[in-house]
Amino acid sequence: MEFALEARQLKKQYQDKLALKGLNLQIEPGEIFCLLGQNGAGKSTTINLFLGFITPTSGAAYINGLEVATNQLKVKEYLAYIPENVMLYPNLTGLENLTLFSSLAGFDYSPESLMQYLIEAGLPSEAATRKVGAYSKGMRQKVGIAIAVAKHARVLLLDEPTSGLDPKASNEFSDLLLKLSGQGTAIFMATHDIFRAKEVGTRVGIMREGELVDVLSTTDLNANELENLYLNYMHA
Amino acid sequence: MVKSIAQKEFISTLRDRRFVVLSVLVLLLLLAATVVGLYSSHTLQQEREVAQEEVNHQFHNSADRHPHRMAHYGSFAFRPKSTLSFLDFGLDSFTGASVFMEAHKQNSANFSQAQQSSSLIRFGEMTVAFVLQMLMPLLIIFLCFGAFTQEKETGTLKILLSQGVSLSQIAWAKIAGYSKTVALVVTPALLLAGGLLFGQNGLDLQPDTLWRLLLFMAFYLMYFFIFIVLSVVVSALHQRSSTSLVTLLGIWILCCVIIPKASANLGNTLYTTPTKAQMDADVHEEVAKGIDGHNSQDSRAEALKKDLLRKYGVDSVSQLLVNVDGIIMAVGEEQSTKVYREHFEKLTGTFQKQNRISELAAFLNPYLAVRHLSMGMAGSDFPHYLHFQNKAEEYRYHLAQGLNHIQATRLKYKDKTTRLSSDTWKEFKPFTYETPPVQWALRHHLLSLTALVLWLGLVCTVGMRVINKTQIV
C-alpha cells in the first residue's frame with residue numbers, strides 16, 4: 001500500500017552539522033505519529049524536508065508516494081501545516097485570514113461555511129470578525145487549525161502545535177486531531193508534550209541528534225514509562 | 001490566487017495607519033506641487049507673453065531711424081514656457097528667459113530665475129518631478145521593504161507556501177498589490193494635473209502636449225514599477241526586515257543622491273567648459289581678424305570695395321547700384337556669426353558630452369533615466385533650451401541681415417543721416433517660437449529610454465530568478 005508519509009534514507013547536512021542522519025519512516029493514513037526530542041534534535045528539519053522548504057542532501061521524502069523535492073507544488077495539495085506559533089496577518093480579521101489562505105489552496109468557500117470552519121476549530125464567532133492583531137496565541141492557533149481543516153488535507157504536519165496553549169485549548173486540540181485521524185488524515189506532529197503524545201499518538205518516535213533512536217506504539221506503555229524512556233535516551 | 005494576495009496587501013496597507021499618514025503627506029505634497037507649479041509657470045508665461053508683445057510693439061513703432069542704428073537697438077526674444085514645464089522645471093530655472101538680439105553680437109539667454117532669486121533655489125524646488133523622482137521611491141521602499149522579510153519573521157511565508165503557492169507567484173501578487181497602493185497615491189495628482197491643464201487650455205490642448213503628458217506619466221509608472229520590484233527582490237534576499245530596509249535606503253541614497261552628483265562632477269572634470277569671459281574673449285579675438293563694419297579705414301573693407309569695383313567695372317563706389325556700406329556690414333555680420341556659431345557649437349558640444357556621462361550613468365541608476373525623460377517630456381531639458389537659443393540666433397541673424405539689406409538697397413553710400421520711418425520696421429515679422437514636437441524630444445533621450453526599459457526587463461527577469469532561489473528557512 002501507499003504510505004501517506006514516507007522518508008527513505010533522508011539526510012540533511014548543513015555546513016557545520018549533520019542535522020538529519022538518514023531517516024527511515026513510514027506513516028499510514030489515519031495514523032498520528034508524535035516525534036519527541038530536544039530542541040535541535042532535527043524535528044523541524046524533518047518537517048521542513050516534508051514541506052519541501054529545504055532540499056535533502058541525500059535520500060528522499062514522499063507524500064502520497066510523490067517525491068517532495070521534484071513535486072514541490074503538487075504535494076502541497078495533499079498536506080496542511082500548522083507551525084508552533086501561528087502568525088497570521090494582523091491587519092486582517094480571522095475570517096479574512098482564513099478566506100485568503102483557503103483561496104490560495106484553490107478553495108472557494110462561502111463566508112458562511114468559512115465561519116463554520118472557524119467555529120468548529122473553537123473560535124468564538126464574535127472574534128472571527130475582529131483583527132487578528134488582537135488575538136491571543138490560542139485564538140490564532142485555532143484559525144491555523146481552521147485553515148488546515150478547510151483544506152481537507154490527507155497529511156497534517158504540526159510543529160509543536162500545543163506549546164503555549166492553556167490545558168483547555170490543548171485538550172480541544174487533541175480532540176480535533178483524533179477526529180481528523182478518524183477521517184483518515186495522517187498526522188505527523190513534533191512535540192515536547194509527552195503526555196499529549198501518549199494520549200493522541202498512535203506511535204511515538206524519539207529523536208536525538210538527527211537520529212530516530214526509537215519508535216514505540218503508545219498502547220505498549222503509559223505516560224510515565226514513556227517519560228522515563230525518553231529521559232533515558234536523553235541522558236545516554 | 002494572485003488576486004487574493006494582492007488584495008490582502010492592499011487592504012493590510014490601507015489599515016496600517018503609519019503608511020496611510022505617510023501616503024497622505026506625499027499625496028498632499030504632490031497636489032500642492034502641481035497647483036503651485038502650474039500657477040507659477042502660468043504667471044511666468046504671461047509675463048513673458050506681455051514682454052514679448054511689448055518689445056514687438058516697440059520695434060514696430062520705433063522712432064524714425066537709420067537701419068543700422070535700428071540693428072543696434074535690436075529686439076528681444078522671450079522663451080515661452082512649455083505647457084508641461086510646470087510638472088518638471090528642469091533646467092528652466094537656471095537657463096535664461098530672454099535673449100537680446102542685436103547686430104554684431106550673439107547673446108545667450110539671460111535673466112534666469114536662479115539669477116534673480118535668493119540662494120534658496122539651489123536647495124532644489126518643490127516640483128511634481130521632485131516628489132515623483134525622490135520621495136515616491138522612498139514611499140515605495142517603506143511600503144515594500146518587509147514584503148518577504150515580514151512573512152519570514154512571522155512564519156506566514158511557510159503557511160503561504162504550504163497552501164501550494166510558488167515564491168514567484170507570491171512575489172508577483174505582492175508587486176500587484178503594492179502597485180495598486182502606489183497608484184492610489186499617484187493617480188489623484190496626475191488626474192489633477194491633467195484636469196488643470198484641460199481647464200486652462202480647454203479644447204485648444206495640442207495633441208502634442210497630450211502625448212507628452214501621457215509619456216511623462218508612462219515613464220514615471222515604469223520607474224515606480226522598477227522600484228517596487230527591486231524592493232520586493234531585496235526583501236526576498238534578506239532574512240530580517242531591518243537589514244532589508246537599510247539595504248534599500250542605501251540603494252536609494254546611491255541612486256538618488258550619490259550617482260547623479262558623481263556623474264555630474266565626472267562630466268565636469270572630463271570635459272571642462274570655458275568661462276563665459278574666456279569664450280567672449282576668444283570670439284572677439286577671432287572676429288577682429290575679419291571685416292569691421294564700423295571702421296572705414298579697415299584694410300579688409302578696402303579690399304572688398306576694390307573687388308566690387310573690379311567685378312562691376314566701375315571707378316568709384318558711389319557708382320555701384322547698391323550702398324557698399326550695407327554690403328560691408330552684411331559681410332562683417334556673416335563672418336562674426338560664423339565665428340560665434342563655431343564657438344557656440346563647441347561649447348554646446350562640451351555640455352552634451354557632460355550630459356552624455358549622466359545619460360550613461362542611467363544604466364547604473366533608473367533615477368537618472370527617468371529624470372532625463374521627465375525633463376525631455378516637460379520641455380525643460382538642455383536640448384529644448386538649445387533649440388530656443390538657436391531659433392533666437394537664427395532670427396537675430398536674419399533681422400541684422402535684413403536691416404543691412406535695407407541699408408544696402410535703400411540708402412546711398414556714406415549716408416549716415418537718413419532716417420527711415422517705422423513702416424520699414426513693420427516689414428519684419430516678430431519673433432515667434434514653437435516648442436518642437438514630442439518625437440523630437442524623444443529622439444534626444446533614446447539612451448535614457450533604453451536604460452529605463454532595460455531596467456524594467458532586468459528587475460523582472462533577473463529579479464524573479466533571484467526570488468525563486470529565496471531561502472525559506
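Biologist: Hi! Where is A:E160 found?
Modeller: A:E160 is in the loop between strand 7 and helix 6 of chain A. Helices (H or I, at least four residues) and strands (E, at least two) are DSSP runs, numbered from the N terminus.

Biologist: Before we go on, what kind of model is this, and how are things numbered?
Modeller: This is a predicted model, in which local features need pLDDT of at least 70 and side-chain atom pairs count only at pLDDT 80 or more, while totals for chains, interfaces and linings use all residues. Residues are numbered from 1 along each chain as its sequence is written, and chains are lettered from A and ligands numbered from 1 in the order in which they are written.

Biologist: Back to A:E160, then. Is A:E160 buried or exposed?
Modeller: A:E160 counts as buried, because 20 other C-beta atoms lie within 10 Å. The rule is that a residue is buried with 20 or more other C-beta atoms within 10 Å of its own, exposed with 12 or fewer, and partly exposed in between, with C-beta atoms placed from the backbone.

Biologist: And what is phi of A:E160 near?
Modeller: Phi is near 45 degrees there, a positive value in a residue other than glycine. A:Q9 also has a positive phi near 45 degrees. That residue belongs to strand 1 (residues 5–13) of chain A, and A:Q9 counts as exposed because it has 12 C-beta neighbours inside 10 Å.

Biologist: You mentioned helix 6. What unit does helix 6 of chain A make with strand 7 and strand 8?
Modeller: Together, strand 7, helix 6 (residues 167–182) and strand 8 of chain A make a right-handed β-α-β unit. Right-handed here means that, with the strands pointing away from the viewer, the path from the first strand over the helix to the second runs clockwise.

Biologist: How many residues of strand 8 of chain A are buried?
Modeller: Six of the six residues in strand 8 (residues 186–191) of chain A are buried. One side carries A:A186, A:F188 and A:A190, the other A:I187, A:M189 and A:T191. In a regular strand the side chains alternate between the two faces of the sheet.

Biologist: Which strands pair with strand 8 of chain A?
Modeller: Strand 3 (residues 32–37) of chain A runs parallel to strand 8 of chain A and is joined to it by five bridges. Strand 7 (residues 155–159) of chain A also pairs with strand 8 of chain A in the parallel sense, over five bridges. Two strands pair if DSSP finds at least two bridges between them. For landmarks, the bridge partner of A:F33 is A:F188, and A:L156 has A:I187 as its bridge partner.

Biologist: What is the strand order in that six-strand sheet?
Modeller: In chain A the order is 6-7-8-3-9-10, in an open sheet with mixed pairing. Strand 6 and strand 10 (211–217) of chain A stand at the edges with a single partner strand each, so one side of each has no neighbour in the sheet. Twist averages 15 degrees from one strand to the next; angles run from 0 to 180 degrees between N-to-C directions, and axes are lines fitted to C-alpha atoms, for helices over the stretch in contact.

Biologist: Which strands does helix 8 of chain A lie across?
Modeller: Helix 8 (residues 223–235) of chain A lies across strand 3, strand 9 and strand 10 of chain A, running at about 20 degrees to strand 9 of chain A.

Biologist: Changing topic: what is the order of the four-strand sheet in chain A?
Modeller: That open sheet has the order 2-1-4-5, with antiparallel pairing. Strand 2 (18–27) and strand 5 (66–67) of chain A are the edge strands, each pairing on one side only. Strand 4 (residues 58–63) of chain A meets strand 5 of chain A over two bridges, antiparallel, and A:Y62 stands opposite A:E67.

Technical notes:
Two residues are in contact if their C-beta atoms, placed from the backbone, lie within 7 Å.
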